[in-house]
Amino acid sequence: MDRTENNGQETTIEESLKELDGIVEKLESRDISLEESFAMYQKGMDLLKQCSKKIDTVEKKMLKVNEDGELSEF
């Protein structure tokens, strides 16, 4: 299940990483409850999994690049 923005477009890896940075900042603050920390941690882990899947997809595409530099079809 991919995260989407309000306009229906899939978020980019960069957007997800920026959101992860914000989560880390919140978790490092002392003004967050244990429950909020746990929820933020879960959200961060979900974002991390999504980023990992997207990176794996790109990696697989790169491996399929043939010697001529053309991207072969899946």
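Is Glu19 buried or partly exposed, and at what relative accessibility? Glu19 counts as partly exposed, because its relative accessibility is 23%; buried means under 20% relative accessible area, exposed over 50%, and partly exposed in between (1.4 Å probe, protein chains only).

The model is predicted: local features need pLDDT of at least 70, side-chain atom pairs count only at pLDDT 80 or more, and totals for chains, interfaces and linings use all residues. Residues are numbered from 1 along each chain as its sequence is written, and side-chain values use heavy atoms, with hydrogens and water left out.

## Overall make-up

The chain has two helices and zero strands. Helices (H or I, at least four residues) and strands (E, at least two) are DSSP runs, numbered from the N terminus. Of the 74 residues in the chain, 15% are buried. The accessible surface comes to about 6,500 Å², and carbon and sulfur atoms hold 52% of that area. Accessible areas come from the Shrake-Rupley method with a 1.4 Å probe; for residues, only the protein chains shown count as cover. Among contacts in the chain with a separation of 6 or more, 44% join residues 24 or more positions apart, where contact means heavy atoms within 4.5 Å.

## Helix 1

Helix 1 covers residues 13-28. Its 16 residues should span 22 Å at 1.5 Å a residue, and its end C-alpha atoms are 22 Å apart, which agrees. The expected span is 1.5 Å times one less than the number of residues.

The buried residues of helix 1 are Ser16, Leu20 and Ile23. Seen down the axis of helix 1, these buried residues fall within an arc of 60°, so they line one face of the helix; the arc is that of the directions from the helix axis to the C-beta atoms. The buried residues of helix 1 pack against helix 2. On the face turned away from the buried side, helix 1 carries the exposed residues Glu14, Lys18, Glu25 and Glu28.

Leu20 shows this packing at residue level. Leu20 counts as buried because its relative accessibility is 14%. Leaving aside residues up to four places away in sequence, Leu20 touches Gly44, Leu47 and Leu48.

## Helix 2

Helix 2 takes in residues 34-63, a run of 30 residues. From its first C-alpha to its last it reaches 43 Å, close to the 44 Å expected at 1.5 Å a residue. Its buried residues are Ser37, Met40, Gly44, Leu47, Gln50, Cys51 and Lys54, and what covers them includes helix 1.

Helix 2 also has a part in the surface. A nonpolar surface patch of about 470 Å² is made by Leu27, Phe38, Tyr41, Met45 and Leu48. Patches are made of residues with over 30% relative accessible area and no salt bridge: like charges are joined within 9 Å, and nonpolar side chains (Val, Leu, Ile, Met, Phe, Trp, Tyr) within 5 Å. Helix 2 gives the largest share of the nonpolar patch, four residues. Tyr41, one of the patch residues, is found in helix 2 and is partly exposed because its relative accessible area is 47%.

## Salt bridges

Side chains of opposite charge can pair when their charged atoms come close. The structure holds two salt bridges, a salt bridge being a side-chain nitrogen of Lys or Arg within 4 Å of a carboxyl oxygen of Asp or Glu.

| Salt bridge | N to O distance |
|---|---|
| Glu10 and Lys54 | 3.6 Å |
| Glu19 and Lys43 | 3.1 Å |

The side chains of Glu10 and Lys54 meet in a salt bridge. This pair links distant parts of the chain, with Glu10 in the segment before helix 1 and Lys54 in helix 2, 44 residues apart. Glu10 is partly exposed because its relative accessible area is 43%, whereas Lys54 counts as buried at 14% relative accessibility. Not counting residues up to four places away in sequence, Lys54 touches Glu10, Thr11, Thr12, Ile13 and Ser16.

Lys43 forms a salt bridge with Glu19. Lys43 lies in helix 2 and Glu19 in helix 1, so the pair ties together parts that are 24 residues apart in sequence. Lys43 is partly exposed, with a relative accessible area of 39%, and Glu19 is partly exposed at 23%.
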